[in-house]
Amino acid sequence: MMWQDLVFMLGSGLSIVFLAPTLRDANARVPLGTSLPSMGIGFVYSMTFFTLGMTFSAAGAFAAGSMWSMIALFRSPQGVSMNLFARENLALFVSDVQYWLARRRSDGSLADQYVSADPGRAHGQSDGR
């Protein structure tokens, strides 16, 4: 084992120790703007370390990314938690993906999606509101 592998693994281990109280505190609220990028960085570092043959560092970075993903899931202020997997949200997501795919396959230009469906409003006419 290279000494650098050990140093990076210890650093990831310390971050997990420091993040554990946040995950244990039911009142903690960490914005998704903090937890999701940190989660992504942990997983990218994990893959990078793995491709360099630094397996201990890769495991530590993966564990840190996993810790951030649990924080994002359970401690976001929006209360995402398990509502993220609710049937209505999943159906809405599938509907959005189908709409996006249909738009990608259509012959219309990308700018057409920003044109109002109401012909009166498309030409700058107001409805009096």
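Q: In this predicted model, at what angle do the axes of α1 and α3 cross, and are the two helices roughly parallel or antiparallel?
A: The axes of α1 and α3 come within 7 Å and cross at roughly 15 degrees. Angles under 35 degrees count as roughly parallel. The two helices, α1 and α3, are therefore roughly parallel to each other.

Q: Is the crossing of α1 and α3 left-handed or right-handed, and how do the residues of their contact divide?
A: α1 passes α3 in a left-handed crossing. Residues of α1 including Phe8, Ile16 and Leu19 meet a set in α3 that includes Ala64, Trp68 and Ile71. The residues of this contact of α1 with α3 divide into 15 nonpolar, 7 polar and 1 charged.

Q: Are α2 and α3 roughly parallel or antiparallel?
A: The axes of α2 and α3 lie 7 Å apart, and the packing angle is about 160 degrees. Angles over 145 degrees count as roughly antiparallel. For α2 and α3 the arrangement is therefore roughly antiparallel.

Q: How many charged residues does the contact of α2 with α3 hold?
A: The crossing of α2 and α3 is left-handed. Among the residues in contact are Leu36, Met39 and Phe43 of α2, and Ala58, Gly65 and Ala72 of α3. The residues of the contact of α2 with α3 divide into 13 nonpolar, 10 polar and no charged.

Q: Which helices are included in what covers the buried residues of α3?
A: Helix α3 spans residues 55-74 and reaches 28 Å from its first C-alpha to its last. Its buried residues include Gly60, Ala61, Met67 and Leu73. What covers the buried residues of α3 includes α1 (3-24) and α2 (32-51).

Terms used
Residues are numbered from 1 along each chain as its sequence is written. This is a predicted model: local features need pLDDT of at least 70, side-chain atom pairs count only at pLDDT 80 or more; totals for chains, interfaces and linings use all residues. Side-chain values use heavy atoms; hydrogens and water are left out. Helices (H or I, at least four residues) and strands (E, at least two) are DSSP runs, numbered from the N terminus. The expected span of a helix is 1.5 Å times one less than its number of residues. Buried means under 20% relative accessible area, exposed over 50%, partly exposed in between (1.4 Å probe, protein chains only). Contact means heavy atoms within 4.5 Å. Axes are lines fitted to C-alpha atoms, for helices over the stretch in contact, and angles run from 0 to 180 degrees between N-to-C directions. Angles under 35 degrees count as roughly parallel, over 145 as roughly antiparallel, 65 to 115 as roughly perpendicular and the rest as oblique. A crossing is left-handed if the near helix is turned anticlockwise from the far one by less than a right angle, and right-handed if clockwise. Ala, Val, Leu, Ile, Met, Phe, Trp, Tyr, Cys and Pro count as nonpolar, Asp, Glu, Lys and Arg as charged, and the others, Gly among them, as polar.
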